[in-house]
Amino acid sequence: MSPTAGHGSNRVFSDMTDQIETRYVEGASDDVPTNDSGNTPFAVVAERALSRRFFLGGSAALAASTALVGSVGAAVFAKNAEAASIGTLTFESLPHGYDDTHHVAKGYDASVLIRWGDAVVKGAPAFDPKKQSAAAQLQQFGYNNDFIGFTPLPFGSANPARGLLCINHEYVDRELMFPDAADRSPKTQSKEMVDVEMAAHGHTVIEIVRDAAGKWSVVADSPMNRRIHVGTEIAISGPAAGHDRLKTSADATGKKVLGTVNNCAGSITPWGTVLMAEENFNNYFAGDIGKTREARAYKRLGVAGDVGYGWYRFHDRFDVEKEPNEANRFGWMVEFDPYDPTSVPVKRTALGRFKHEGAHALVDKSGHVVCYSGDDQQFDYVYKFVSKGKFDPKKREANFGILDEGTLHVARFNDDKTLDWLPIVFGEGPLTPANDFHSQADVMIEARRAADLLGATPMDRPEDIEPNLVTGVVYAVMTNNTKRKKDQTNGVNPRAANQHGHIVEMIPPGGRGADKDHTATKFTWDLFLLGGDPTKPEQGAKYHPAVGAGDWLSCPDNVAVDGKGRLWIATDGAPKAGIADGVWAADTEGDGRALVKLFFSTPRGAELCGPSFNSDDSAYFAAIQHPGDEKGSTFDTPSTRWPDFEPDMPPRPSVMVITKQGGGAIG
């Protein structure tokens, strides 16, 4: 089906999976699992996952009187006035659809805050997509915005009307970015194109403000505005800093590196710094890993397996044969201070090296900092870091190195619905010289292999791991796993070729909210929902009973928790199920538990990233990533020209701000 014509065209309500095949670089190696450890799959140990708690999370009366949709072909509840009145969410759910523009729930406004190419730093030139340069891009908003974090100004305030917006730029869609790149091949790129791509990666900090009329805007020429990119000098700290495996011809110390790539999700820490992930960094490195001493480690991470970028043709550090250790300097979590535009970002190696989707830190009741992270690949793992030191609420800077010392753990889910956090510590268990680990640095550099040996539980693409500070429950988002076979299924991963993904609850011991003990090595776990269409029993979708044919979601990716403890679920991959990606909201407890409602949907080809709220939930910030990323869509003939809809302008990844008409909290 051809793209719908015009900005205000009617939505398309048909299965468009043939036309909306996505093929962006970021996912080039996502569907090639590298875990051959043979560890027991999560599904195999989870037979009793559809537990009593799933049904009783709402009222006991509701649970007792209804059956979960899709479990055994139960009757599907239609979305009606009764369903709409359940729970705390008051907005009217959008219908499914797929067309060339965005849609937001009735009673809300959505406006573009900043787009690819817009000015960030003072003196930035006007955007000209046909005359791009690296020098211009370094001053402009980067490509494919992902994580968004709002932090108020001044620091320590709860100001909802002024703050810093911190935004990751994950990767690029070359065929939509350049007029002469329709074939997408890295072998046909010029050096100028490569340098523009490199400049479009990284991170942006912008100061934003809300005026008296409620309109948000970027503060032009603010001294707080900043771009971080592949050429930014970054320090390396923690147990792997200075190790021989991190030394290169450009850095004999092993303690600094130029740049950061594939920055997917992230978070704002309790001390006001930004954590940004390095996810599919493997796509940037080429060469024969067999000619390096890192062949085993690089194979486990997919390095030099499916190269999506031609950077190695002009920059030797991305060729593993010429710089065999450079790839070891990527795959970390990066921390920096957005309140200081001169601050040097730091790669925190104590958090382990793998394909981080993001990381979320909280202060436990003990005073220790706990940081959760997922390794975004099929059959990989969920991690938790517990700091050695304690958080200092009186001196912000005292916390800047708190993530450098502590213990990283990996999750093992047991068949009695308990969860063991296994410490990843050199010298303990199999993490010894007998298995070629000679220090904690080796363990962190090869965190995946260490987790393999410890017997961690392979998961269905663990993406966002988000703590709910209201309830104390931690949400682990599994986007999908189409490689899971039938004999690997059971319970919490009950589906072979899991196309639609699911969300798992990890429950620390203790009371509610801040009374939970996140440092504990023993949790329990449960299911929150399983994605898919509940009107098709063969898909095995499971939600609140009132979720019907027009409300379901597919491929949950990143989530945000609002001030009421409700979950806002952004998706990545729903177009493969015939619907647009978007954000769905749901209560996490009470009568509306797991009753998902569609709040916002993206234009065709796009993914929704970076769900984030300001400090009083009156503004919701949404990252619209890779609009127009569909089969046959190019710079000259894109399937949508969102958001400008101008004949000479390609589709542009953008950040939107959503507000309630008349003011008030979102939801």
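Me: Let's start with one side chain: is Phe318 buried or exposed?

Reply: This is a predicted model, so keep that in mind throughout. Buried means under 20% relative accessible area. Phe318 has a relative accessible area of 0%, so Phe318 is buried. Phe285 is also at 0% relative accessibility and counts as buried.

Me: How do I read the rings of Phe285 and Phe318 as a pair?

Reply: A pair of aromatic rings is described by the distance of the centres and the angle of the planes. For Phe285 and Phe318, the centres are 5.4 Å apart and the planes stand at 50°, so the pair is tilted. The two residues are 33 apart in the chain: Phe285 sits in the loop between β11 and α7, Phe318 in the loop between α7 and β12.

Me: And what about the rings of Tyr372 and Trp421?

Reply: Their centres lie 6.1 Å apart with the planes at 55°, so this pair is tilted too. Tyr372 belongs to strand β15 and Trp421 to strand β19, so the pair ties together parts 49 residues apart in sequence. Tyr372 is buried at 0% relative accessibility, and Trp421 is buried at 2%. The aromatic pairs come to 27, and one aromatic cluster is formed by Phe91, Tyr108, Trp568, Phe599, Phe613 and Tyr620.

Me: Which residues have the most contacts inside the largest nonpolar core?

Reply: In soluble globular proteins, nonpolar side chains tend to be buried together. Here the largest core has 81 residues, and those with the most contacts inside it are Phe285, Val303, Trp311, Val410 and Ile424. Helix α6 gives the largest share of this core, five residues. A second, separate core has 26 residues, including Leu94 and Trp552.

Me: What is the strand order in the open sheet of six strands?

Reply: The order is β9-β8-β13-β12-β11-β10, with mixed pairing. β9 and β10 stand at the edges with a single partner strand each, so one side of each has no neighbour in the sheet. Neighbouring strands are turned by 25° against each other on average, direction ignored. Look inside the sheet at β11 and β12: they run antiparallel, joined by four bridges, and Ala277 has Met333 as its bridge partner in β12.

Me: Where is confidence lowest, and where is it highest?

Reply: Where pLDDT is low, the predicted coordinates should not be read in detail. The mean pLDDT is lowest in helix α2, at 31, and highest in strand β13, at 99. Residues 1-29 stay under 50, and residues 42-80 are below 50 as well. For the chain, the mean is 90, with 89% of residues at 70 or more.

Technical notes:
Residues numbered from 1 in each chain as written. Predicted model: local features only at pLDDT ≥ 70, side-chain atom pairs only at ≥ 80, totals over all residues. Heavy atoms only, no water. pLDDT = per-residue confidence, 0-100. Contact = heavy atoms within 4.5 Å. Pairing = 2+ DSSP bridges. Axes fitted to C-alpha atoms, helices over the stretch in contact; angles between N-to-C directions. Core = buried A, V, L, I, M, F, W, Y, C linked by side-chain atoms within 4.5 Å. Buried < 20%, exposed > 50% of the residue type's maximum accessible area, 1.4 Å probe, protein only. Phe/Tyr/Trp six-rings, centres within 6.5 Å; stacked < 30°, edge-to-face > 60°.
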